[in-house]
Amino acid sequence: MADIILEARKLVKHYPVRHGIMQSFQGLVRAVDDVSFTIERGKALSLVGESGAGKSTTAKLILLLEQLTSGEIIFQGQDICKLSQAELKTSYRPNVSAVMQNPWSSMNPRMRVRDIVAEPLVVNTRLSKNEIKSRVGELLEQVGLIPDWADRYPHEFSGGQRQRIAVARALALNPSLIILDEPVSALDVSIRAQIMNLLRELQEEFNISYLIIAHDLATVRFMSHSVAIMYLGQIVEYAEAEELFENPLHPYTRALISASAMSAAERERERIILRGEMPSPINPPAGCRFHTRCRLATDICSNEAPEAKWFGSHFVACHRAEKEETIN
């Protein structure tokens, strides 16, 4: 039986839209709309989609940087939304950390690396100064940096080195889950593989789970055990990583993979060009939210929202998924 470390159940996050001097209510931005997934211990799940799909908002909900409109977040058997602030501080926050997208803006330029990496230890533990100094040196070594560099400032490091510092900080409290928000997208191509290899090595060594927010499918394929494709606040396809890339069932997933064309086999597939732009999350289309851009859409797609179902090893929300599975 799978060891589930985190389960998101029907997550919803709506933002009210107000205009004018009187701030009259105009509607809701449906940033995340009934999203569910699980993450196994020691495994990586990626949330993938275009900008505006709801990936980063979902990550913020898991990190408790945003308050749920509705839904549940179950972490190691506990509903964290029902925990007090004191309970969150002891049982949740130390176990969940994050590595953000931009290594240039994610750390204070006035702080030495020693203090940046040590910050979670100072806030959450009672370690002595010597113990913290020793732990910082150990963390820097784990991410491939020299402990003596701890007295330097962030501007003295390259982008890849800064991201290693961010990873060291995320590891400080021995978390069970790390949120990786576009962890290599701001780095030079030559550095990305180094950071991805480092993250995989750390995952294997410490049995850490990852929730990866990404749009680069090469990164997703290399890092992930499972993948959830998001569109306009909802998950439209969810499967094991290799199965999803080899046999995508949802038209949106096929379009994303077509655009990336990572392998020779994928380059031989017909190129799928998405038409138009993603609709506004304030007023999403009726029926299937993807139907306005889908070349396979029929009348039912514009009138009736598809029910997400299992088709083989895929969890798919598409009226044509059964036909597509038969075709493949």
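**Entry 1: K43**

I looked up the contacts of K43 and found that it touches Q203, I208, S209, Y210 and H225, leaving out residues up to four places away in sequence. Contact means heavy atoms within 4.5 Å. This is a predicted model, where local features need pLDDT of at least 70 and side-chain atom pairs count only at pLDDT 80 or more, while totals for chains, interfaces and linings use all residues. Residues are numbered from 1 along each chain as its sequence is written, and side-chain values use heavy atoms, with hydrogens and water left out.

I placed K43 in the loop between β2 (24–40) and β3 (44–48). Helices (H or I, at least four residues) and strands (E, at least two) are DSSP runs, numbered from the N terminus. Buried means under 20%, exposed over 50%, and partly exposed in between (1.4 Å probe, protein chains only).

I then checked K43 against L211. They are 168 residues apart in sequence, and their C-alpha atoms are 8.7 Å apart in space.

**Entry 2: L211 and the cores**

I listed what L211 touches: F37, I39, L45, L47, I62, L177, I178, I179 and L180, not counting residues up to four places away in sequence.

L211 is also one of the residues that touch the most other members in the largest nonpolar core, which has 88 residues. Others in that group include L6, L11 and Y210. Such a core is a set of buried Ala, Val, Leu, Ile, Met, Phe, Trp, Tyr and Cys residues joined through side-chain atoms within 4.5 Å. Which helix gives the most to this core? I found α5, with six residues. Apart from this core lies another, of five residues, among them L249 and F311.

**Entry 3: helix α4**

I checked the length of α4 (residues 129–142). Its 14 residues should span 20 Å at 1.5 Å a residue, and its end C-alpha atoms are 20 Å apart, so the two agree. The expected span is 1.5 Å times one less than the number of residues.

I noted that I132, R135, V136, G137, L139 and L140 of α4 are buried. The buried residues of α4 pack against α3 (113–124) and α5 (159–171). Just after α4, G144 takes a positive phi of about 85°.

**Entry 4: α3 against α4**

I looked at how these helices cross. Their axes come within 9 Å and cross at roughly 115°. Therefore α3 is roughly perpendicular to α4 (65 to 115 degrees). Axes are lines fitted to C-alpha atoms over the stretch in contact, with angles from 0 to 180 degrees between N-to-C directions. Among the residues making the contact are V113 and R114 of α3 and I132 and K133 of α4.

Technical notes. Parallel < 35°, antiparallel > 145°, perpendicular 65-115°, else oblique.
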